[in-house]
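Please look through the structure shown below before reading on.

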Amino acid sequence: MFAATEPATLLIADISGYTSYLAAVELEHAQDILADLVDTVVTSLRPGFRLAKLEGDAAFMSMSGAAADGSALMDTVERCYFAFRRRLRDITQATSCACNACIRIPTLGLKFVVHHGQVAHQSMAGMTELVGSDVIVVHRLLKNHVAEELDAIAYALYTDACLQASGLGDPAGLGMRPYREAFEGVGEVGGWVADLAAAWAAEEVRSRLCIAPDQAAIVVERVIPAQPEVVWEYITSPALRPSWQPRVTAVLEQPVAGRRGVGTVNHCVHGKNAVVEEILDWQPTDYVTTRSKLPIPGVPKITMTIALDAADGGTRVQFRAARPRSAKDRAVLGMIRREWERQVNASLDALVPLAGEAARRAADAPEEPAVPVSRGRFLDEPA
């Protein structure tokens, strides 16, 4: 009996430079460093992606579904790369060890290959593995020539099949570069390459606009029994927002070059009216700051940060409305404060069970392979 196939997005995160690194360093420390970095990578890709298999210095991950949110997919890959870079930096700053393994940590890099296709689950030797021609394709793509041809060391290679399934119709507008390569037994595979080193450089200098609690005129808070990544998806996805925001029938999104983030304008439709919402800052999965124009004459634009942080086994969510500058606008906000708080609380009342159920479904999924555990030679924060 043949195993049933299902559509899935396949991702391999590969720690580049590890082979040459391993040849020149002490094995004991190198293994501990690898365990630490692999854990950082896998944790950053969850819960959207599930670990299918660890393959030395690479993690093979999958996400079931015929379609993926392209904007969220790119956010996930970038968030993972940023976490990897921050962890490299923290380990380097925290350790006082002078061995070659610790000294050469900054030489390590990270690259991604992302593909979409059909997979089957096959049990072998008591373990379930993903099999199929598309599994072969994503692994063959690791042996590419992107670094030589495009001078990109830290990158994400998205295949044409992945971009089509994720709805990213303008990769060039997102700064990606086209790439094609032929593989024996597979044929030619086309895709687009995103420069993660450039994204990291931009992230390092990007200005932030996050309203702190002591800067807010109104704060509404709730703890939701789900991971921050799950809650973030519900809060930011145009497709999911009508499921928990009262009277919102649709969210019409105008992203920049097809990707959600700073500059995106949303029209939150309420019957015949719409709230026009512009994203001012975007930090998945920590916070999003927006400026909204309500369809009410005389009401000023409201700048708001929705902040998420892990707490009590779930996620603490805070809606923080900024304090207006003028006395007139502060007076108007004071007049609508009670209604604003009522609507936010009603939204959170609806969001709690939805996100909680999504978290329970994720918890009930089959167990993933174990990730090597670091012995904790490194501090969580730089010294």
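In which loop is Ala212 found? Ala212 is found in the loop between helix 8 and strand 9, where helices (H or I, at least four residues) and strands (E, at least two) are DSSP runs, numbered from the N terminus. With a relative accessible area of 23%, Ala212 is partly exposed; buried means under 20% relative accessible area, exposed over 50%, and partly exposed in between, with a 1.4 Å probe and protein chains only. Ala212 and Gly263 are 51 residues apart in sequence and 21 Å apart in space, taken from C-alpha to C-alpha.

This is a predicted model, in which local features need pLDDT of at least 70 and side-chain atom pairs count only at pLDDT 80 or more, while totals for chains, interfaces and linings use all residues. Residues are numbered from 1 along each chain as its sequence is written, and side-chain values use heavy atoms, with hydrogens and water left out.

Thr264 lies in the loop between strand 10 (250–254) and strand 11 (265–270), and at 0% relative accessibility Thr264 counts as buried. Leaving aside residues up to four places away in sequence, Thr264 touches Glu253, Gln254, Pro255, Val256, Arg259, Glu277, Glu278 and Ile279, contact meaning heavy atoms within 4.5 Å.

The interior can be followed through its nonpolar cores, each a set of buried Ala, Val, Leu, Ile, Met, Phe, Trp, Tyr and Cys residues joined through side-chain atoms within 4.5 Å. The largest nonpolar core has 44 residues, of which Leu11, Ile15, Leu110, Phe112 and Tyr158 touch the most other members. Helix 3 gives the largest share of this core, nine residues. A second, separate core of 32 residues includes Ile218, Ala226, Ile235 and Ile306.

Ile235 also belongs to helix 9, where Pro228, Val230, Val231, Trp232, Tyr234, Ile235 and Thr236 are buried. Because seven of the nine residues of helix 9 (residues 228–236) are buried, this helix is largely enclosed by the rest of the structure. Its buried residues pack against several elements, among them strand 9 (216–224), strand 12 (273–283) and helix 10 (327–363).

The structure also holds two aromatic pairs, that is, rings of Phe, Tyr and Trp (its six-membered ring) with centres within 6.5 Å, planes under 30 degrees apart counting as stacked, over 60 as edge-to-face and the rest as tilted. The rings of Phe82 and Trp200 have their centres 5.6 Å apart and their planes at 45°, so this pair is tilted. Phe82 lies in helix 3 (residues 70–94) and Trp200 in helix 8 (residues 196–205), so the pair ties together parts that are 118 residues apart in sequence. Phe82 is buried, with a relative accessible area of 8%, and Trp200 counts as buried at 7%.

Some details of the backbone remain. A cis peptide bond joins Arg46 and Pro47, with omega about 0°, and Pro47 lies in the loop between helix 2 and strand 2 (50–55). Another cis peptide bond joins Pro284 and Thr285, with omega about -10°, and Thr285 lies in the loop between strand 12 and strand 13. Asp312, although not a glycine, has a positive phi of about 55°; Asp312 is found in the loop between strand 14 and strand 15 and counts as exposed at 71% relative accessibility.
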